[in-house]
Amino acid sequence: MLDLETRTAILRLHAEGHGARAIARAVGASRNAVRKVVRSGRAEVPRMQGRETALDGELNRVRELHLECKGNQVRVHEKLADAGVEVAYSTLTAFCRRHLIGVKVREPVGRYEYAPGKEMQHDTSPHDVLIGRRLRRVHCASLVLGYSRRIFAQVYPRWTRFECRAFLTEAALYHDGVTERCTIDNRSVIRLRGTGALMVPAPEMAALAARFGFAFGAYELGDKNRNALAERNFDYIENNFYPGRFFDDFVDTNAQLRAWCDRVNGKPRRLWGHVKRVPDELYLAERPTLRRLPLHVPEIYELHSRLVDVEGYICLHTNRYSVPGRLMRRRVEVRETLALVRVFLGH
């Protein structure tokens, strides 16, 4: 359909005495289109008229049936057919969209601005990675500073609160500080109860946040764009880090991933619209605003109580560990870290 400017030009050229062929050539339209505009004599763009259907007089009935069928448009289509209103299913769905029946009006996403030292975002994503010549399903965790977009990521064979606490501690050490808020999703690894603004973190996660001086905050359900900085990096990792690399084990994978983070944080990236900035350069401005790390950051560990069997072994996460024979049939305390497992004599 010709726009207002083209229609105005056609009418002006016609008033000046030019023929349809010359006008069509000048405005880049067909002669028939030019003739229609001249016959109408109006520059305003006419409204598009939809095709008439059997539903044009059934708006109220369709709305009532939509409520009665709890939004199931297949049942609405069947009930209309029972009532003698024969239309194609695609016609019904188009009719509902046109009249906003069962359609959620989407609000503009908007844009989030992050001041230095105010927010960091944390998220995880499952990835399939070839580690030790075996395809493994791993959990990739990332934490990104909101202002500088400086990223830190690691992968883990499982993802519990233990791995989460260990990762957040390592991320805080990598960035040499934390921001006031750590935005997360509404999964149960960190969350104890509630969602969004009512989210309450688990006690051990709250203790970790208190140690470093930040607060956890979850975005509202359905507002995934609120955590877009962390989620966007997973596509970058999958398509830029994994391809063409070989990993012996998880230690080797995380060592290479850490070196990759060092490299991408030091090169220009499109961070704000079409502007390329270097995260490490922005980090220099953000670092003075970060909350300083405590003087001592203890190693993250998890305690387990186990009974040594008659063969001198204990079981932990489907793995068996041998202990000295003198501890046979004794209750021992197992201290697990990401690097190793230590066994202590219990009381």
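Residues are numbered from 1 along each chain as its sequence is written. In this predicted model local features need pLDDT of at least 70 and side-chain atom pairs pLDDT 80 or more, while totals for chains, interfaces and linings use all residues, and side-chain values use heavy atoms, with hydrogens and water left out.

User: What is the orientation of helix α4 to helix α5?
Analyst: Helices (H or I, at least four residues) and strands (E, at least two) are DSSP runs, numbered from the N terminus. The axes of α4 (residues 59–68) and α5 (residues 73–82) come within 9 Å and cross at roughly 130 degrees; axes are lines fitted to C-alpha atoms, for helices over the stretch in contact, and angles run from 0 to 180 degrees between N-to-C directions. Angles under 35 degrees count as roughly parallel, over 145 as roughly antiparallel, 65 to 115 as roughly perpendicular and the rest as oblique. That makes the orientation of α4 to α5 oblique.

User: Which residue stands opposite serine 142?
Analyst: Strand β2 (residues 134–145) pairs with β3 in the antiparallel sense over 6 bridges. The residue opposite serine 142 lies in β3 and is alanine 153.

User: Which residue in the turn between β11 and β12 has a positive phi?
Analyst: Strands β11 (residues 313–316) and β12 (residues 319–322) pair in the antiparallel sense over 4 bridges. They form a hairpin with 2 residues between them. The residue with a positive phi, of about 55 degrees, is histidine 317.

User: How many residues apart are glutamate 180 and lysine 118?
Analyst: Their side chains meet in a salt bridge (3.1 Å, N to O); the term covers a side-chain nitrogen of Lys or Arg within 4 Å of a carboxyl oxygen of Asp or Glu. Glutamate 180 is in the loop between α7 and β4 (181–184), and lysine 118 in the loop between α6 (89–98) and β1. The pair links distant parts of the chain, and the separation is 62 residues.

Key: Two strands pair if DSSP finds at least two bridges between them.
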